[in-house]
Amino acid sequence: MSAAKKQITREDILPLEKYAAERKERRTRITQMKKNRRVEVGPYATFYFENYDTMFQQIHEMLFIEKGGEEQIADELSAYNPLIPQGKDLVCTLMFEIDDPIRRNNVLRRLAHVEEHVYVQVGDEKIMADAEDDVERTTEDGKTSSVHFLHFRFTPEQIAKFRDPSQNVILGISHENYGHMALLAGPTREALAADFSA
């Protein structure tokens, strides 16, 4: 995999025919990798931690499905490059996954600005999420989006603590209507530690 790479360029994009031929194998491989990069927090929130490989796959899937040519390539690079960790951060897609549309609507209406209450705690230090500000994720009537793109920016000292197995690492949401957290351990913690530059 490509933890050291921090940007996808036009030169990295595979010809559509080549991707089509390799698609099944690539999707199987990325699905396996994503298992250790997925964290559930509470009953509805799932964090998908992104990296070069997940974004490489996402871009190629979009190009494969939509077949928008050269112009689409530029758009996809612009959309997904910001979600690749740069060596001092973790980047994730937070999704509130609720199948029932009525329940989903009710829950999302109670979670205005939830992205301002998401954190990683390393030892006794909290690192609050920075949300991508491409669009406003909460509507005027207080309904939040079911999808958020978040960055957690670490100091070198916090990265060292993250890598120290004696320190607990917790992923949490402290919104007044959604207070849940999960301990990061084992393969998930190892996978995310690889997103930091040495």
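Among contacts (heavy atoms within 4.5 Å) in the protein between residues at least 6 apart in sequence, 71% join residues at least 24 apart. The structure is a predicted model, in which local features need pLDDT of at least 70 and side-chain atom pairs count only at pLDDT 80 or more, whereas totals for chains, interfaces and linings use all residues. Residues are numbered from 1 along each chain as its sequence is written, and side-chain values use heavy atoms, with hydrogens and water left out.

The protein contains six helices and nine strands, where helices (H or I, at least four residues) and strands (E, at least two) are DSSP runs numbered from the N terminus. Its radius of gyration is 17 Å, close to the 16 Å that the globule rule gives for 198 residues, so the protein is as compact as a globular protein of that length. The radius is taken over C-alpha atoms, and the rule is 2.2 Å times the number of residues to the power 0.38. The C-alpha trace spans about 50 × 45 × 25 Å along its principal axes. Of the 198 residues, 44% count as buried; buried denotes under 20% relative accessible area, exposed over 50%, and partly exposed in between (1.4 Å probe, protein chains only). The accessible surface comes to about 10700 Å², and carbon and sulfur atoms account for 50% of it. These areas come from the Shrake-Rupley method with a 1.4 Å probe, and for residues only the protein chains shown count as cover. The mean positions of the 26 positive and 34 negative charges are 6 Å apart. In this count Lys and Arg are positive and Asp and Glu negative, while His and the chain ends are not counted; each charge is placed at NZ of Lys, CZ of Arg, CG of Asp or CD of Glu.

An open sheet is formed by five strands in the order E1-E2-E3-E7-E6, with antiparallel pairing; two strands pair if DSSP finds at least two bridges between them. E1 and E6 are the edge strands, each pairing on one side only. Four bridges link E1 and E2 in the antiparallel sense, and Glu-40 stands opposite Thr-46 in E2. Strand E3 (residues 89-96) is joined to strand E7 (residues 147-153) by seven antiparallel bridges, with His-148 in E7 as the bridge partner of Leu-94. Strand E6 (residues 130-131) pairs with E7 over two bridges, also in the antiparallel sense, and Asp-130 is set opposite His-151 in E7.

Strand E4 has pairings of its own. Five bridges join E4 to E8, and the two run antiparallel; the partner of Val-118 in E8 is Ile-173. E4 is also joined to strand E5 (residues 125-128) by four bridges, again antiparallel, and Gln-121 stands opposite Lys-126 in E5. The hairpin of E4 and E5 has two residues between the strands, and Gly-123 there takes a positive phi near 65°. E4 is mostly covered, four of its five residues being buried.

In helix H6 (residues 186-193), the buried residues are Thr-188, Arg-189, Ala-191, Leu-192 and Ala-193. They pack against strand E1 (38-41), strand E2 (45-50), E3, helix H5 (156-163), strand E8 (169-175) and strand E9 (178-184).

Phe-64 lies in helix H2 and, leaving aside its neighbours within four places in sequence, is in contact with Leu-16, Tyr-19, Ala-20 and Arg-23. Phe-64 and Asp-89 are 25 residues apart in sequence and 29 Å apart in space, C-alpha to C-alpha. Lys-67 is located in the loop between helix H2 (52-66) and H3. Although not a glycine, Lys-67 has a positive phi of about 50°, and at 53% relative accessibility this residue counts as exposed. Gln-72, in helix H3 (residues 69-80), is buried, with a relative accessible area of 8%. With neighbours within four places in sequence left aside, the contacts of Gln-72 are Met-62, Leu-63, Glu-66 and Lys-67.

A positive phi is also found for His-113, a residue other than glycine, with a value near 55°. His-113 occupies the loop between helix H4 (101-108) and strand E4 (118-122) and is partly exposed, its relative accessible area being 31%.
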